Amino acid sequence: MTLKTLFQLLGLDEKDCEVFTTLYKLGTNPASVIANHAGLERTTTYRLLKGLKKLGIVSSTIRQGMQMF
């Protein structure tokens with residue numbers, strides 16, 4: 001089963017999958033860096049990350065006053 005198939009089974013779309021795989025490759029980073037590497041708008045990426053966090057797929061922390069995922 002591919003990651004994309006798993007995300008579809010969870011009711012998530014291609015952008016969610018792109019954000020997750022980008023985050024996985026980069027490691028802990030702010031939404032702006034993840035957005036840049038994923039080729040998405042920062043606000044869209046932040047919204048997607050919040051949704052993934054709500055589902056328990058990603059987590060976040062505050063470092064030096066900045067939210068990191």
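The views below show a predicted model, in which local features need pLDDT of at least 70 and side-chain atom pairs count only at pLDDT 80 or more, while totals for chains, interfaces and linings use all residues. Residues are numbered from 1 along each chain as its sequence is written, and side-chain values use heavy atoms, with hydrogens and water left out.

**View 1. Confidence along the protein.** The mean pLDDT (the predictor's confidence in each residue, from 0 to 100) is 93, and 100% of the residues reach 70 or more. Helix H1 (residues 3-9) has the lowest confidence, at a mean of 81, whereas helix H3 (residues 31-38) has the highest, at 97. Helices (H or I, at least four residues) and strands (E, at least two) are DSSP runs, numbered from the N terminus.

**View 2. The largest nonpolar core.** Such a core is a set of buried Ala, Val, Leu, Ile, Met, Phe, Trp, Tyr and Cys residues joined through side-chain atoms within 4.5 Å; buried means under 20% relative accessible area, exposed over 50%, and partly exposed in between (1.4 Å probe, protein chains only). Of its 15 residues, Phe7, Val19, Leu23, Ile34, Leu49, Leu52 and Phe69 touch the most other members. Helix H2 (14-26), H3 and helix H4 (42-54) each supply at least two residues of this core, and H2 gives the most, with four residues.

**View 3. Two aromatic pairs.** Rings of Phe, Tyr and Trp (its six-membered ring) pair if their centres lie within 6.5 Å, and planes under 30 degrees apart count as stacked, over 60 as edge-to-face and the rest as tilted; by this rule the count comes to two. The ring centres of Phe7 and Phe20 are 5.4 Å apart and their planes stand at 45 degrees, so this pair is tilted. Phe7 lies in helix H1 and Phe20 in helix H2, 13 residues apart. Tyr46 and Phe69 form an edge-to-face pair, 6.0 Å centre to centre, with 75 degrees between the planes. Tyr46, at 31% relative accessibility, counts as partly exposed, whereas Phe69, at 6%, counts as buried.

**View 4. The two faces of H3.** Ala31, Ile34, Ala35 and Ala38 are the buried residues of H3. They cover an arc (taken from the directions from the helix axis to the C-beta atoms) of only 100 degrees, which puts them on the same side of H3. These buried residues pack against H2, H4 and S2, while the face turned away from the buried side carries the exposed residues Asn36 and His37.

Methods. Contact means heavy atoms within 4.5 Å.
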